[in-house]
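Below is a set of questions and answers on one protein structure, written for a reader who has the sequence and the coordinates at hand.

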Amino acid sequence: QVQLVQSGGGLVQAEGSLRLSCAASGRTFTIFRMGWFRQAPGKERESVATISRSTATTSYSDSVTGRFTISRDNAQNMLYLQMNSLKPEDTAVYYCSAQGGLDGGWNYWGQGTQVTVSS
């Protein structure tokens with residue numbers, strides 16, 4: 001099993017910045033990709049950014065490209081999301097996730113952290 005513990009988040013004004021962190025523990029060698037997802041009230045959970053654990057290849061949703069940066073530190077088993085130029089529409093609960101395990105799905109999730117951007 002893999003455990004993910006998030007930190008960071010909170011309340012920020014529009015155009016401000018926040019950094020989210022996610023610490024992975026357990027059978028981390030089974031992970032091949034990690035990512036950040038978010039869910040706003042009344043909306044489905046959506047992918048924000050993902051990163052390959054081995055190659056560091058990244059992908060971003062169109063809504064955050066150019067503003068958010070995902071990174072990882074494999075030695076420390078850490079995942080980060082730097083969020084700049086935040087907008088009110090970025091308000092959501094953000095989740096760290098890891099892709100791995102027998103079926104290769106997004107099987108592991110952090111506890112979620114609230115990000116609120118005021119206008």
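Q: In which loop is the place of Asn77?
A: This is a predicted model, in which local features need pLDDT of at least 70, side-chain atom pairs count only at pLDDT 80 or more, and totals for chains, interfaces and linings use all residues. Residues are numbered from 1 along each chain as its sequence is written, and side-chain values use heavy atoms, with hydrogens and water left out. Asn77 is not a glycine, yet has a positive phi of about 55°. Its place is in the loop between β7 and β8.

Q: How many helices and how many strands are there in the protein?
A: Helices (H or I, at least four residues) and strands (E, at least two) are DSSP runs, numbered from the N terminus. From the N terminus on, the elements run β-β-β-β-β-β-β-β-β-β-β. The count is therefore zero helices and eleven strands.

Q: Which residues have the most contacts inside the largest nonpolar core?
A: A nonpolar core is a set of buried Ala, Val, Leu, Ile, Met, Phe, Trp, Tyr and Cys residues joined through side-chain atoms within 4.5 Å, where buried means under 20% relative accessible area, exposed over 50% and partly exposed in between (1.4 Å probe, protein chains only). The largest such core has 28 residues, and those with the most contacts inside it are Leu4, Met34, Trp36, Leu81, Met83 and Tyr94. Among the elements that give two or more residues to this core are β1 (2–8), β4 (31–39), β8 (78–83) and β9 (92–100).

Q: With which residues is Met83 in contact, leaving aside its neighbours within four places in sequence?
A: Contact means heavy atoms within 4.5 Å. Met83 is one of the residues with the most contacts inside the largest nonpolar core. Leaving aside neighbours within four places in sequence, its partners are Gly16, Ser17, Leu18, Leu20, Arg67, Phe68, Tyr94 and Val115.

Q: Why does Ala14 count as partly exposed?
A: Ala14 has its place in the loop between β2 (10–13) and β3, and is in contact with residues including Leu86, Pro88 and Val117. Ala14 counts as partly exposed because its relative accessibility is 32%.

Q: What radius of gyration does the protein have?
A: The radius of gyration is taken over C-alpha atoms, and the globule rule is 2.2 Å times the number of residues to the power 0.38. With 119 residues, a compact globule would have a radius near 14 Å, and the protein agrees with this at 14 Å.
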